[in-house]
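I opened my notebook for a walk through this model, from the overall fold down to single residues. Here is what I looked up, in the order I looked.

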Amino acid sequence: MTAEAGPASPPLTERQEARRRRILHASAQLASRGGFEAVQMREVAEAAGVALGTLYRYFPSKIHLLVATMQDQLQHMHGTLRKRPPAGTSAAERVADTLMRAFRAMQREPHLADAMVRALTFADRSVSPEVDTVSRLTTAIILDAMELDRPTPEQLSAVRVIEHTWHSALITWLSGRASIAQVKIDIETVCRLIDLTAEEPAG
């Protein structure tokens, strides 16, 4: 799916791809143990077995690295969801189930979730390609759950609102301002927008 493709760049060799995966794994491991502050570029380089200069060639900053880590986590999640599709008879139910499964995955690794969400929040324009890739992946996951190949503009608008709500729910939960039960209610409520757009007359 095109949503999984990153910004246009020369394809990595097998060796480069293996090195990149080691870096992302090291980033995720450090973030899982200590959150955003624990991800220091020198420590990541050491854990991944690469030179610090090499790490910076792959990821110009810690923010780039953590946003790429989120992209990697979403790609893994997307693959899992395709093997075990969400439950629900309606598109709204399937999307809500998908996002709550994603949320529970974040819940199992709260320090990692916090690090990735903070990186997205701090990202400036230099990280736009990576942030856009995360957004496209999230959209692809939601559209897969909706079982839609050609969404209408109204449906895409609903998807964007759902993404904003999910991101906001993550932030409020991570900051201790929302319970898991509240997050579930908010996700289920916003997903009803899908039913509303489905009722729009075709064409």
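**Overall size.** I began with the radius of gyration, taken over C-alpha atoms, where the globule rule is 2.2 Å times the number of residues to the power 0.38. For 203 residues a compact globule would come out near 17 Å, and the chain has 18 Å, so the two agree. Along its principal axes the C-alpha trace spans about 55 × 40 × 30 Å.

**Ground rules.** I noted that this is a predicted model, in which local features need pLDDT of at least 70 and side-chain atom pairs count only at pLDDT 80 or more, while totals for chains, interfaces and linings use all residues. Residues are numbered from 1 along each chain as its sequence is written, and side-chain values use heavy atoms, with hydrogens and water left out.

**Fold.** I counted 9 helices and 0 strands, taking both as DSSP runs numbered from the N terminus (helices are H or I with at least four residues, strands are E with at least two). For burial I used relative accessible area with a 1.4 Å probe and protein chains only: under 20% is buried, over 50% is exposed, and in between is partly exposed. Buried residues make up 42% of the 203 in the chain. I then turned to contacts, meaning heavy atoms within 4.5 Å. Among those between residues at least 6 apart in sequence, 73% join residues at least 24 apart.

**Core.** Which residues touch the most other members of the largest nonpolar core? A nonpolar core here is a set of buried Ala, Val, Leu, Ile, Met, Phe, Trp, Tyr and Cys residues joined through side-chain atoms within 4.5 Å. The largest one has 60 residues, and Val95 and Cys191 touch the most other members. Helices supplying at least two residues each to this core include helix 1 (14-34), helix 2 (41-48) and helix 9 (180-198). Setting aside residues up to four places away in sequence, I found Val95 touching Ile142, Ala145, Met146, Ile162, Cys191 and Ile194.

**Cavity.** Helix 4 (62-83), helix 5 (91-108) and helix 7 (128-146) each give at least two lining residues.

**Val159.** This residue is in helix 8 (residues 153-174). Is Val159 buried or exposed? Val159 is buried, because its relative accessible area is 1%. Beyond neighbours within four places in sequence, Val159 contacts Thr139, Ile142, Leu143 and Met146.

**Thr197.** I found Thr197 in helix 9. Thr197 has 13% relative accessibility, so it counts as buried. Leaving out neighbours within four places, Thr197 contacts Glu154, Gln155 and Ala158.

**Glu147.** This one sits in the loop between helix 7 and helix 8. Glu147 is exposed, because its relative accessible area is 57%.
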